[in-house]
Amino acid sequence: MKVYLNLSFPQLAARYAALPADGVGLLRSEFLLLSLGVHPKKLLADGGADAFVQVFANGLTEVARCFWPRPVTFRTLDLKSHEYRGLRGGEQFEELEENPAIGMRGCRRYLSDPEPFRLQLRAVRQVHDAGWTNIRLLLPFVRSVSEVLACRELIQEEGLLERGVPVWMMVEVPSVVFLIERFLPLVDGISIGTNDLTQLILGVDRDNPRLMDLWNEQDDAVMRALEWIVRACREKTVECCLCGDAPSRHPEMIASLWRLGLAALSVAPESFERTLQMVRALDSRLR
């Protein structure tokens with residue numbers, strides 16, 4: 001089992017690259033946008049497309065350089081509507097949503113408003129063309145096969161497929177779990193987000209403290225979904241990584257995931273050493 005790192009801030013890449021991780025399993029893009037502090041539509045309306053691309057390209061370059069040649073899995077933007085509204089100009093462009101967690105986010109937002117997604121792809125292309133070819137692209141909050149196909153068209157139009165940039169997708173929605181075999185031919189890897197997946201399988205709002213006694217990433221229904229995903233990925237030889245917080249909060253899950261045959265975990269840096277020790281102990285027991 002590989003052990004990757006989850007990273008949010010590119011400026012910390014040099015510190016964490018010294019760890020014996022297999023790479024970056026999740027590089028969150030949201031903090032790059034938050035550093036700009038402006039809603040993408042306002043930024044574009046004000047002629048800031050180049051600034052957007054450069055901020056993303058600089059952040060990506062820093063992480064890719066520090067971890068070279070280990071892979072860096074870059075998840076494109078997955079802010080929710082209320083988070084976009086908090087950016088300068090956000091209230092002008094974002095409608096109020098009663099349930100932002102299942103609203104206009106992830107791939108659906110890209111298809112509704114493709115230009116910010118295209119700018120992220122151009123940043124990836126710039127970094128790749130500069131020689132940092134260890135970048136992998138990760139699509140967030142996928143709901144349907146049609147979304148992946150439409151996103152792949154945009155990725156192709158921006159020249160990333162011809163450059164051989166791997167395309168991964170998140171599994172966070174039950175519809176993807178049930179139809180996982182239809183998604184696997186379309187991607188190079190799978191990353192499981194246990195936070196959203198648990199929320200949607202159990203029907204529990206993870207931001208509601210009154211429901212926390214129902215929140216359980218080790219619930220039988222969640223574990224069965226993980227088993228289903230991992231088994232399908234193994235059968236199709238597609239790498240499957242779990243990047244949610246569950247193993248960090250519940251280290252005892254690592255043995256269960258290891259027994260399922262999960263290919264990789266991606267954890268917060270503060271949980272890395274403990275996770276690596278547990279994985280090595282499990283591997284040595286097998287040997």
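Mentor: A residue is called buried when its relative accessible area is under 20%, exposed when over 50%, and partly exposed in between (1.4 Å probe, protein chains only). The structure is a predicted model, in which local features need pLDDT of at least 70 and side-chain atom pairs count only at pLDDT 80 or more, whereas totals for chains, interfaces and linings use all residues. Residues are numbered from 1 along each chain as its sequence is written, and side-chain values use heavy atoms, with hydrogens and water left out.

Trainee: How many helices and strands does the protein have, and what is its radius of gyration?

Mentor: Helices (H or I, at least four residues) and strands (E, at least two) are DSSP runs, numbered from the N terminus. By that count the protein has 16 helices and eight strands.

Trainee: What percentage of the 287 residues of the protein count as buried?

Mentor: The C-alpha trace spans about 60 × 45 × 35 Å along the principal axes of the protein. Of its 287 residues, the share that count as buried is 53%.

Trainee: Among contacts between residues at least 6 apart in sequence, what percentage join residues at least 24 apart?

Mentor: A contact here means heavy atoms within 4.5 Å. Among contacts in the protein between residues at least 6 apart in sequence, the share joining residues at least 24 apart is 70%.

Trainee: Which residues of α12 are buried?

Mentor: Helix α12 spans residues 194–202. Its buried residues are covered by elements that include β5 (167–171), α10 (174–178), β6 (189–192), α13, β7 and α14 (246–249). After the helix comes G203, with a positive phi near 65°. The buried residues of α12 are T194, N195, D196, L197, T198 and Q199.

Trainee: Is the pair of W68 and W132 stacked or edge-to-face?

Mentor: Rings of Phe, Tyr and Trp (its six-membered ring) pair if their centres lie within 6.5 Å; planes under 30 degrees apart count as stacked, over 60 as edge-to-face and the rest as tilted. The structure holds six aromatic pairs. In one of them, W68 and W132 have ring centres 5.7 Å apart and planes at 75°, so the pair is edge-to-face.

Trainee: Where in the chain do W68 and W132 lie, and how many residues apart are they?

Mentor: W68 lies in the loop between α4 (49–67) and β3 (72–75), and W132 in the loop between α8 (114–129) and β4 (135–139). Both are partly exposed, W68 with a relative accessible area of 40% and W132 with one of 22%. The pair therefore links distant parts of the chain, at a separation in residues of 64.

Trainee: Is the pair of Y110 and F117 stacked or edge-to-face?

Mentor: Y110 and F117 are both buried. Their ring centres are 4.2 Å apart and their planes lie at 5°, so the pair is stacked.

Trainee: Is F141 buried or exposed?

Mentor: F141 is in the loop between β4 and α9 (145–157). Its phi is positive, near 40°, in a residue other than glycine. With a relative accessible area of 1%, F141 is buried.

Trainee: Is T237 buried or exposed?

Mentor: T237 lies in the loop between α13 (220–235) and β7 (239–242). Although not a glycine, T237 has a positive phi of about 50°. With a relative accessible area of 73%, T237 is exposed.

Trainee: Which residues does R75 touch, not counting residues up to four places away in sequence?

Mentor: R75 is in strand β3 and is buried, with a relative accessible area of 11%. Not counting residues up to four places away in sequence, R75 touches L26, L27, R28, S29, E30, L138, P140 and M170.

Trainee: How many Å apart in space are P209 and L160, C-alpha to C-alpha?

Mentor: P209 lies in the loop between α12 and α13 and is exposed, with a relative accessible area of 68%. P209 and L160 are 49 residues apart in sequence, and their distance in space, C-alpha to C-alpha, is 42 Å.
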